[in-house]
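Work through the exercises below with the coordinates open. Try each task before you read its solution.

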Amino acid sequence: MKVFIVFAHPEPQSLSGSLLRTTVEELKAQGHEVQVSDLYAMKWKSQVDREDFPHLPPDARLKVAYASAEATASNRLTDDVKREQEKLLWADTVIFQFPLWWMSMPAILKGWFDRVYSLGFAYGLGEYSDTRWGDRYGEGKMQGKKAFLVVTVGGWREHFSARGISGPIEDVLFTINHGMLYYTGFEVLPPFVLFQSDRADDAVFNSTVDELRQRLCTISTTKPIRYRPQNDGDYEIPALTLRPELGATSASGFSLHSIE
């Protein structure tokens with residue numbers, strides 16, 4: 001198996017850094033090929049701006065999506081973006097590892113998605129008709145590949161439970177799992193989450209390492225989250241609203257878009 005890890009933490013000596021080394025070590029011990037993009041070490045440029053599109057005339061208005069589509073089609077994306085896209089195409093499984101900061105990923109990782117997910121590469125492909133709305137949400141460039149998150153969280157598990165003040169961790173991560181990974185066709189595996197990471201002692205660390213190693217041993221057999229595919233009849237086209245007969249009439253929210 002070919003595994004691509006996108007890592008976003010500024011401190012190599014952090015708990016996250018230790019978990020990354022564990023992941024690489026375990027995967028290689030299993031005989032897998034591994035590539036890592038350590039975004040901070042790479043000094044990854046996170047912001048999208050005109051430097052990403054040198055082909056754009058100086059007096060032209062920058063429309064990011066359209067500029068990225070033109071650059072993708074003409075093979076004029078910047079070299080750093082091309083390298084990351086090549087890693088995505090190479091991989092069978094992609095792991096995104098990051099700390100949860102302000103209910104989301106670090107800005108440098110968000111910038112990786114902003115720049116690497118160019119129009120015409122990660123999305124916007126496929127036909128549009130009365131029964132389908134492009135290759136998205138279960139279809140697309142990443143179809144046939146697996147992906148999952150490895151996330152360290154400072155808060156308690158109870159804080160991120162169904163009745164916790166921060167909301168269920170599944171909801172917090174929904175926009176990433178569903179809106180960034182499933183959107184482009186990945187089979188999304190359940191995330192590996194470590195809570196109270198700032199207070200982890202040696203015992204917690206050792207048990208976490210054991211759990212992570214076990215999880216890495218079962219990538220091929222772990223069942224993905226069953227999100228509803230966009231073009232399989234569950235959604236009304238083109239509104240992309242769930243058909244009224246699906247889910248409880250009074251129900252709303254993220255849970256509607258997955259199948260129990």
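The exercises that follow concern a predicted model.

**Exercise 1. Helix H3**

Find which residues of helix H3 (residues 64–73) are buried, and decide how they are arranged around the axis.

Solution. 
- Step 1. Take under 20% relative accessible area as the cut-off for buried. Ala67, Ser68 and Ala71 are the buried residues of H3.
- Step 2. Look down the axis of H3. The buried residues fall within an arc of 100 degrees, so they line one face of the helix.
- Step 3. Turn to the face pointing away from that buried side. Tyr66 and Ala73 are exposed there.
- Step 4. Go just past the end of H3. Asn75 has a positive phi there, about 60 degrees.

**Exercise 2. Helix H4**

Compare the span of H4 with the expected value, then sort its residues by burial and list what its buried residues pack against.

Solution. 
- Step 1. H4 covers residues 79–90. Its twelve residues reach 16 Å from first C-alpha to last. That is close to the 16 Å expected at 1.5 Å a residue.
- Step 2. The buried set of H4 is Val81, Glu84, Gln85, Lys87 and Leu88. Down the axis of H4, these buried residues fall within an arc of 155 degrees, so they line one face of the helix.
- Step 3. Asp79 and Glu86 are exposed on the other side of H4.

**Exercise 3. Val81**

Is Val81 buried or exposed? Which residues beyond its sequence neighbours does Val81 touch?

Solution. 
- Step 1. Val81 sits in helix H4. Its relative accessibility is 2%, so Val81 counts as buried.
- Step 2. Set aside neighbours within four places in sequence. Val81 is then in contact with Trp44, Arg115 and Val116.
- Step 3. Check one C-alpha separation. Val81 and Ala41 are 40 residues apart along the chain, and their C-alpha atoms are separated by 16 Å.

**Exercise 4. The largest pocket**

Give the volume of the largest pocket, then describe its lining.

Solution. 
- Step 1. The largest pocket holds about 330 Å³ of space.
- Step 2. Its lining has 14 residues. Glu170, Phe174, Ile225, Tyr227 and Ser258 are the closest to the centre.
- Step 3. Assign the lining to helices. Helix H6 (169–172) and helix H7 (174–181) each supply at least two lining residues.
- Step 4. Sort the lining by class. Seven residues are nonpolar, three are polar and four are charged.

Methods:
Residues are numbered from 1 along each chain as its sequence is written. This is a predicted model: local features need pLDDT of at least 70, side-chain atom pairs count only at pLDDT 80 or more; totals for chains, interfaces and linings use all residues. Side-chain values use heavy atoms; hydrogens and water are left out. Buried means under 20% relative accessible area, exposed over 50%, partly exposed in between (1.4 Å probe, protein chains only). Helices (H or I, at least four residues) and strands (E, at least two) are DSSP runs, numbered from the N terminus. The arc is that of the directions from the helix axis to the C-beta atoms. Contact means heavy atoms within 4.5 Å. The expected span of a helix is 1.5 Å times one less than its number of residues. On a 1 Å grid over the protein atoms alone, a cavity is a set of points where a 1.4 Å probe fits but cannot get out, and a pocket is an open set with protein on both sides within 12 Å along at least five of seven lines; lining residues have an atom within 4 Å of a point. Grid points are joined across faces, edges and corners, and a volume is the space filled by probe spheres set on the points. Ala, Val, Leu, Ile, Met, Phe, Trp, Tyr, Cys and Pro count as nonpolar, Asp, Glu, Lys and Arg as charged, and the others, Gly among them, as polar.
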